Amino acid sequence: MTRTLDPDRLRSRHRMAFVAAAVCAVAAVSIWTLWVLPIVRSIDAAEDVPLGATTVVDLEEGERVGIWASGISASLGTMDCRVLGPDGEERPQRGPGAVNWDDVLWWMTPRPGFVQSSQFTAAAPGAHRVTCRDSLDMYDGRFLVAGDSIGQGSIGLGRTGGADFAQGTLLAMGAVMCPPLAVLLPLVTLVTRLITRRRAGRP
């Protein structure tokens with residue numbers, strides 16, 4: 001016995017699929033335009049310096065930037081960075097989440113081998129001095145200050161909103177998942193419609 005799906009329910013599912021595809025398309029364009037490409041341009045324009053040196057960046061109050069590094073020290077996690085604001089006070093840093101830019105968008109980084117190690121936010125406008133070194137004084141590497149991919153805070157998802165995901169994690173996953181979904185959902189829906197109509201036309 002062949003089970004047939006109610007035509008109204010099937011049309012409702014198809015409409016939901018097209019709406020989901022439209023949402024994915026809008027999300028993909030927004031994420032790539034407002035998040036991915038600005039970070040790429042920022043990394044490409046930044047000047048990298050060797051570990052042990054100090055780089056100075058002028059920031060606006062509340063501006064959030066990332067420290068990107070390459071080399072053995074960054075890979076082993078022995079790199080230690082210190083950020084001093086215009087007032088001479090040290091600025092706190094925050095590391096990336098479980099899934100981040102380097103997991104899914106490494107191919108978009110214009111500087112091969114550079115990964116983001118931390119982020120910091122300017123508390124006051126002015127020059128910020130960033131110094132990074134290898135804590136073991138054994139390994140070389142380079143670092144630069146550019147756009148931040150980690151994001152600020154987390155977003156609660158799930159039925160009760162109890163599952164927290166870092167902002168950067170959601171953006172990174174959206175950047176790679178939304179474009180194919182925006183294309184595949186309409187294609188699958190159209191194929192399903194053709195198959196359904198063909199079956200309905202059988203004697």
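Buried means under 20% relative accessible area. Keep that cut-off in mind, because Cys-178, at 12% relative accessibility, counts as buried. The model on your screen is predicted. Now start clicking.

**Stop 1**

A disulfide needs sulfur atoms within 2.5 Å.

**Stop 1: the disulfide**

A disulfide is a covalent bond between the sulfur atoms of two cysteines. How many disulfides does a search of the whole structure find? The search finds 1. Select Cys-81 and Cys-132 to see the bond. Their sulfur atoms are 2.0 Å apart. Look along the S-S bond of Cys-81 and Cys-132: the torsion is about 110°, so this disulfide is right-handed. Cys-81 sits in strand E4 (residues 79-84) and Cys-132 in strand E6 (residues 126-134), so the bond ties together parts that are 51 residues apart in sequence. Are these two cysteines buried or exposed? Both Cys-81 and Cys-132 are buried.

**Stop 2: the sheet**

Switch to a cartoon view. Strands of a sheet pair through backbone hydrogen bonds, either parallel or antiparallel. Find the open sheet of 3 strands, in the order E2-E6-E4. The pairing is antiparallel. Which strands are at the edges? E2 and E4 are the edge strands, and each pairs on one side only. On average, neighbouring strands of this sheet are turned by 25° against each other, ignoring direction.

Next, check each pairing:

- E2 and E6 are joined by 6 bridges and run antiparallel. Select Val-57 and you will find His-128 of E6 opposite.
- E4 and E6 also pair in the antiparallel sense, over 6 bridges. Select Met-79: the bridge partner in E6 is Asp-134.

**Stop 3: the two faces of E2**

Show the side chains of strand E2 (residues 54-59). They alternate. Which ones are buried? Thr-55, Val-57 and Leu-59 point to one face and are buried.

At 13% relative accessibility, Thr-55 counts as buried. Leaving aside neighbours within four places in sequence, Thr-55 is in contact with Val-49, His-128, Arg-129, Val-130, Phe-143 and Val-145.

**Stop 4: the nonpolar cores**

Go to the largest nonpolar core, which has 18 residues. Select Trp-35, Val-36, Trp-68, Trp-101, Leu-105 and Met-108: these touch the most other members. Helix H1 (7-45), helix H3 (101-104), strand E7 (142-147) and H4 each supply at least two residues of this core. Which element gives the largest share? H1 does, with 7 residues.

Zoom in on Leu-105. Beyond neighbours within four places in sequence, Leu-105 contacts Trp-32, Trp-35, Val-36, Ala-172, Ala-175 and Val-176. A second, separate core has 16 residues, including Val-57, Cys-81, Val-130 and Cys-132. You have already met some of these names.

**Stop 5: the aromatic rings**

The structure holds 3 aromatic pairs. Select Trp-32 and Trp-107. Their ring centres are 6.0 Å apart and their planes are at 40°, so this pair is tilted. The pair links distant parts of the chain: Trp-32 is in helix H1, and Trp-107 is in the loop between H3 and strand E5 (115-121), 75 residues apart. Trp-107 is partly exposed, at 49% relative accessibility.

Now compare Trp-68 and Trp-101. Their ring centres lie 6.1 Å apart and the planes are at 85°, so the pair is edge-to-face. Trp-68 lies in strand E3 (residues 64-70) and Trp-101 in helix H3, so the pair ties together parts 33 residues apart in sequence. Both Trp-68 and Trp-101 are buried.

**Stop 6: Thr-169**

End in helix H4 (residues 167-200), where Thr-169 has its place. Thr-169 counts as buried, at 11% relative accessibility. Thr-169 touches Gly-97, Ala-98 and Val-99, not counting residues up to four places away in sequence. How far apart in space are Thr-169 and Trp-101? From C-alpha to C-alpha they are 7.6 Å apart, although 68 residues separate them in sequence.

Terms used:
Residues numbered from 1 in each chain as written. Predicted model: local features only at pLDDT ≥ 70, side-chain atom pairs only at ≥ 80, totals over all residues. Heavy atoms only, no water. Helix = DSSP H or I, 4+ residues; strand = E, 2+ residues; numbered from the N terminus. Buried < 20%, exposed > 50% of the residue type's maximum accessible area, 1.4 Å probe, protein only. Pairing = 2+ DSSP bridges. Contact = heavy atoms within 4.5 Å. Axes fitted to C-alpha atoms, helices over the stretch in contact; angles between N-to-C directions. Core = buried A, V, L, I, M, F, W, Y, C linked by side-chain atoms within 4.5 Å. Phe/Tyr/Trp six-rings, centres within 6.5 Å; stacked < 30°, edge-to-face > 60°.
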